[in-house]
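This report looks at charged pairs and at nonpolar surface in one protein structure. The sequence and the coordinates come first.

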Amino acid sequence: MKKFNILLIITGFLCASTISMAQKVQLSGSVFSDKGKPLPGANIVTENGLGTSSNLLGNYNLNLNPGIYTLNISYIGYETISREVILEQNQNSSLNFYLTESQIELSDVVVSSNENENTEKISAIDIKLRPIQTSQDILRMVPGLFIAQHAGGGKAEQIFLRGFDIDHGTDIALSVDGMPVNMVSHAHGQGYSDLHFLIPETIEKVNFNKGPYYADQGNFNTAGFAEFKTKSFLDKSSVKLEGGQFGTIRSVAMIDLIEEKENQDLYIASEFYLTDGYFESPQNFSRLNLMAKYSGRLEDNSLVEVSASTFSSKWDASGQIPERAVESGLISRFGSIDDTEGGETSRTNLNVKYLKALDENSTLSQQVYAIDYKFNLVSNFTFFLEDPVNGDQITQSEHRKIYGYNGSYKREDRIGGLNLLSELGAGVRYDDINDIRLSKTINRREVVSDLARGDVDEYNLHAYLSETMFFSPRLSLTGSIRFDYFTFNYVDALKPNYEREQVSQGIASPKLIFNYKASNNLNLFAKGGIGFHSNDTRVVVAQQGEEILPKAYSADLGATYKPFPNLAINTALWYLYLEQEFVYVGDAGIVEPSGRTERKGIDISFRYQLLDWLYFDTDLNFTDPVALDEAEGENHIPLAPTFTSIGGLSFQLDNGLNGSLRYRYLGDRAANEDNSLTAEGYFLMDAVVNYTKPKYQVGISIENILNEEWKEAQFETESRLFNEPEPVSEIHFTPGSPFFARVNVSYFF
């Protein structure tokens, strides 16, 4: 009898699910701008809060019971529209929507049951409101992320996020249009990420999140990731010219080559940047960027994007200077000990992406890319510590080619009354690194000796599966698993005999995300998962494959909340544990152990539209970073930030005036393990004011409007000056920018 009752219950459930599934009808279509541009991420929501968002092709699918609905279609920066639709039983419908560009309204942000979508919507507001004029502004789009530049503007920025001193990219995965930015086994350091090849004005979207919870993100995704997407369509062509203090000149051109777009566009973009910098020794910095991109929507409902770009830069640098040299009057804070530092680098990219809607419920995405990259960096961190006669200058260099493929298949299904979103992905990346080298040099030209030199081949194959189950319109669970397999090859050119050292290893990374939309204005989420960053090939072979893929175990608990239409709040409590690892020190050519670490904190973000034309935003980030294998009081993680905050006011007036007043705050933090030395924090304010009309724009931007004296990059370093008998260990720093004003004028056509 008991078995019969259970069977009856199961049969009843299956019948109810079948009836429920039969009752549902599908509304599908696409969302475009009034100029025919697909709008991925647009919201299509009913009056009772049920809804969905458009995919990368601008397509959407909505499963509803038969009836009459009022749909609200919204997209950041476009006018919201309402449409009444009648859905009849057993009859699917198709409907396209066209939106007109308008002023930003925070009320257009719809709280979704997808936490990642909520983050993307906040990012879209930030991009629309915050001026992006430099490559440094690009990284600052990620809430809680701080950067420091310490080599004349040409070297990749040092990154800080979630209690990590990420160096130049070891614990954040960065990409542009699906191409990797992080360089594995780099001459200067693992994960080195130089974004200077990206022209700021071409950015359309930044998709970011924190923690290792996303199956499509692999190597280096521990503290977080950021994906930068360039524009597929240009609304208008433009030419921009900037000039400012310190011999600064910058020009940008974005030329649309197709007037009658219909379903395609082709544009070219260029940037030229020149500055002497604010140091006593001219930095002689120059950078040239060129880019071309074609986007075409084909008749079979597919999208093809082909882009090519190239970038080159060179610079001189004053390097990091010791505090004692400034305090004694030997040099000023903008002086140098060795002004022969500097470098040059270049990167050329070819990228092809194909996105195909196989039917109303599934899409296939494929991408191939090729990258040619060169790097040469001259530094002197310790001055005359090792060589009291010629000095300690070093040069790091390499030439690499990268080839890769990414593919994914996404499908929406409805099974047993449940909506399912499935994603299957796979890819490969191959880095061919020739003559990766660390040399002792004199006066930037003469090579005294090679400290390390060789060739690296590194392969990374990956596959992942992600399944999202929607138990109701308000409750979803995403479970995913990713597997990465690495093969590391190294040939040490300094060994007398040719010998290829090879190690292979795989790693599995499970992840889980829970979302509950408690109301139309509140979404709660819980996330847990494992991420990793690979170690340098030279570490891998030195350790014979031991502890070469350190894992990061992490969890987040948070919410997205809109207490009223003009205020959006995002908050998260989080924890991250990083396993023991061994690190290759590119500046010294040695392998050093790094112990287990633990970080926990809270992130809070506010976006508030005070008036129709006035917006306020702030991000607050508190972190407690600890080295687990050290004694109390000696367990500080050097340079790990404990409190950061960014924010400001932005305005957009109907008469064309727009701009922002923004601040950056980084608190004091330990510069070494026992906190006997402190890396000083700072509070800075920047301002931008523009006057924009349909045909032109004029403006002014000012960095550090209070003219604060601050230290941008800071390290505890043991060094010896030429006239010193003994070395000294203390803070070495790069001074931050003083008051720096630039004016700009743009012409649109």
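The model is predicted. Over the whole structure, a search finds 43 salt bridges. Side chains of opposite charge can pair when their charged atoms come close.

| Salt bridge | Distance, N to O |
|---|---|
| Lysine 229 and glutamate 204 | 3.7 Å |
| Arginine 437 and aspartate 450 | 2.8 Å |
| Aspartate 450 and arginine 453 | 3.1 Å |

**Lysine 229 and glutamate 204**

The side chains of lysine 229 and glutamate 204 form a salt bridge at 3.7 Å. Because lysine 229 sits in strand β17 (residues 224-230) and glutamate 204 in strand β16 (residues 203-210), the pair ties together parts that are 25 residues apart in sequence. Lysine 229 is partly exposed, at a relative accessible area of 24%. Glutamate 204 is also partly exposed, with a value of 30%. Both residues belong to a network of salt bridges that links Lys37, Asp177, Glu204, Lys229, Lys293 and Glu305.

**Aspartate 450 and its two arginines**

Aspartate 450 meets arginine 437 in a salt bridge of 2.8 Å. Arginine 437 is in strand β27 (residues 418-442) and aspartate 450 is in strand β28 (residues 446-472), so this contact ties together parts that are 13 residues apart in sequence. Aspartate 450 also forms a salt bridge with arginine 453, where the closest N and O atoms are 3.1 Å apart.

Are these side chains buried or exposed, or in between? Arginine 437 has a relative accessible area of 19% and counts as buried, because the cut-off for buried is under 20%. Aspartate 450 is partly exposed at 23% relative accessibility. Arginine 453 is partly exposed as well, at 24%.

**The nonpolar surface patch**

Which residues make the nonpolar surface patch of about 980 Å²? The patch is made by Val239, Leu241, Ile249, Phe272, Leu274, Leu288, Leu290, Tyr696, Val698, Val745, Tyr747 and Phe749. Strands β18 (238-244), β20 (264-275), β21 (285-297), β43 (696-703) and β46 (740-748) each give two or more residues to the patch.

Leucine 290, one of the patch residues, is found in strand β21. Its relative accessibility is 41%, so leucine 290 counts as partly exposed. That value also passes the patch cut-off, because patches are made of residues with over 30% relative accessible area.

Conventions:
Residues are numbered from 1 along each chain as its sequence is written. This is a predicted model: local features need pLDDT of at least 70, side-chain atom pairs count only at pLDDT 80 or more; totals for chains, interfaces and linings use all residues. Side-chain values use heavy atoms; hydrogens and water are left out. A salt bridge is a side-chain nitrogen of Lys or Arg within 4 Å of a carboxyl oxygen of Asp or Glu. Helices (H or I, at least four residues) and strands (E, at least two) are DSSP runs, numbered from the N terminus. Buried means under 20% relative accessible area, exposed over 50%, partly exposed in between (1.4 Å probe, protein chains only). Patches are made of residues with over 30% relative accessible area and no salt bridge: like charges are joined within 9 Å, nonpolar side chains (Val, Leu, Ile, Met, Phe, Trp, Tyr) within 5 Å. Accessible areas come from the Shrake-Rupley method with a 1.4 Å probe; for residues, only the protein chains shown count as cover.
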